[in-house]
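The tour moves from one selection to the next.

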Amino acid sequence: MSAQNQNFQNSAMRQLYNLANTENRLTLGGYGEVNFNGYNGKSNQIDVKRLVLLFAYKFDDRVQFVTEVEYEHVKEVYVEQAFLNYAINTNVNIRAGLMLVPMGIINEYHEATTFNGVERPSLDGKIIPTTWREIGIGVSGKSNELSFRYQLYAMNGFVSFNEGYVLRGTDGLRKGRQKGAESVNSDINLSAKIEYYGLPNIRFGLAAYMGKTQTTEIDNPATQVGLTMLGADYRYIKGRFSSRGQWAQSSLKDVAAYNAAGNTDLGSQMGGYYLEAAYNLLPLTNRQRLDFFVRYEDFDTHKKTEGTLEDNAEFHRKETTIGFSYHIAPGAVFKADYQHKKTAAPIDAVAQFNVGVGFFF
Amino acid sequence: MKIFSFSALWLSTSLALASVFVLPLSQKAEKEINKTFDVTQTTLNLVLTQDYEGIGHEHFFRVLHEEKLLGYAYFGEAPSKTDTFEYLVVFDVNFKVKKTKVLVYKEDYGGEIGSKRWLKQFTDKSPENRFEYRQNIAAISGATISVKSMTEAMNNLMISLDSWRNNGDPHKI
């Protein structure tokens, strides 16, 4: 379809439905979660974990600005997304600004009502460091003929050295997120994801991210590592049953030199998976939904180590979460779950009890 | 009964909306309707003279080919995550759904509802049928808002059409 054709279609339709009013240009929304985490042997925590306000403004039928302003723990303010979307036609958009990295499920779909568990899957913190967002530019779109969605962006990457060594073994790349705030940039990274929704009830995703980390010492190669992250995921919903799963793995280069220079313990490969199944205990005719779910996670931020660095078995986590998501109305959920967290190290497993409320409008 | 050509229809609609511009016809909508009935040209005329229980009279058309009634077409609008989208429902003469098509989807999120496979779930359904998310209409992960929106819009359309058919003769208006 030509751009001209697309334009006239939109304007024709807009006239037909009298949509050309300015009142509809601004969309407001929000989501958030308030959580209680109960621990064994230490004090509990109660937290307004996040409150996110969504603003979207439509300049015309092709150009839209989307932003999410996030309050974390009440007092920390972040801009989670801030990008312009320019729809060239129905299948191709140019997108630029602060964007979510398309990797896994939760990083892009993380509103509390869209996932089970008071807390996000731990893999989506330690391996895929949600909410992972950086500044970049690229294309996104879909083909409803072929039932696939695609995203391809050139983005800024994790910072590995910012007047000091940043990355470490326990949570891999997480501390390297720059979140678009006065970001260090020395190398461009590439991020891509394709999703297939051509089969009934199920959706598949495949993602890749590659590049080098960012450094403030561009002449010192021991301050950077190479990174390739791959991810695969599925989401299945049929009737009262739903299931999802995710696999992600990062392979890092030049880690031995980085660890030696920074006296750090970054793994050279990290990854793992989770599988989750849920069943709605209420009839489908009920407006409310009570999902009982079980999730199992197995991931390791020291899947491989380089040089003299010893594998830390405590970084190999195996976690089981079992609980309920009680959707009292579309967009409002009460959650409760129990987590059993153990590691490959010969230390006792820990238990955690969580309760939370979530909303999305 | 006044018969409009498709292009004249847009003109009259735009005049009705107090626009001073002559609008070109929606080639995409026309193409879809023609393709659905396997003809090269159709004319549309308004079915209703005033709105009926959520059916906007300017959205609802008879589809004719050489003055023979082929079926009906309904142009609807429903909300997506941060915008609205426009869709077309084509019915046969007995109001059985022949085709559902998302004509214009203006944002990236939720565009999966334009999937032919997903929209086929509405095909062959009649105004007596009801649509319920996750009951007889499949979910699409990642497009929940638009899926629910389209399902609700189709359900409301069927309820209104059912009521209208039971309260009057659709072929006489």
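Predicted model: local features only at pLDDT ≥ 70, side-chain atom pairs only at ≥ 80, totals over all residues.

**A walk through the model**

Followed from the N terminus, its elements come in the order α-α-β-β-β-β-β-α-α, which makes 4 helices and 5 strands. Colour chain B by burial: 45% of its 173 residues count as buried. Of the contacts in chain B between residues at least 6 apart in sequence, 49% join residues at least 24 apart.

Next, select B:V63, B:A73, B:Y87, B:L88, B:V89, B:I113 and B:I140. These are the residues with the most contacts inside the largest nonpolar core, which has 41 residues. To see where the core comes from, highlight the elements of chain B that each supply at least two residues, including α2 (27–37), β3 (68–79), β4 (84–92) and β5 (97–105). Also on that list are β2 (60–65), α3 (116–119) and α4 (144–166). The largest contribution is that of α4(B), with 7 residues.

Now centre on B:I113. Which residues is B:I113 in contact with, leaving aside neighbours within four places in sequence? They are B:V102, B:W118, B:I140, B:A143, B:S146, B:V147 and B:M150.

Move on to A:M103, A:V159, A:V166 and A:M229. They are among the 31 residues of a second, separate core.

Finish by colouring chain A by pLDDT. The chain averages 91, and 93% of the residues score at least 70. Then select residues 1–22 of chain A: pLDDT stays under 50 there, and the model has 37 contacts beyond four places in sequence for this stretch.

How values were computed:
Residues numbered from 1 in each chain as written. Chains lettered and ligands numbered in written order. pLDDT = per-residue confidence, 0-100. Contact = placed C-beta atoms within 7 Å. Buried ≥ 20, exposed ≤ 12 C-beta atoms within 10 Å, placed from the backbone. Core = buried A, V, L, I, M, F, W, Y, C linked by C-beta atoms within 7 Å.
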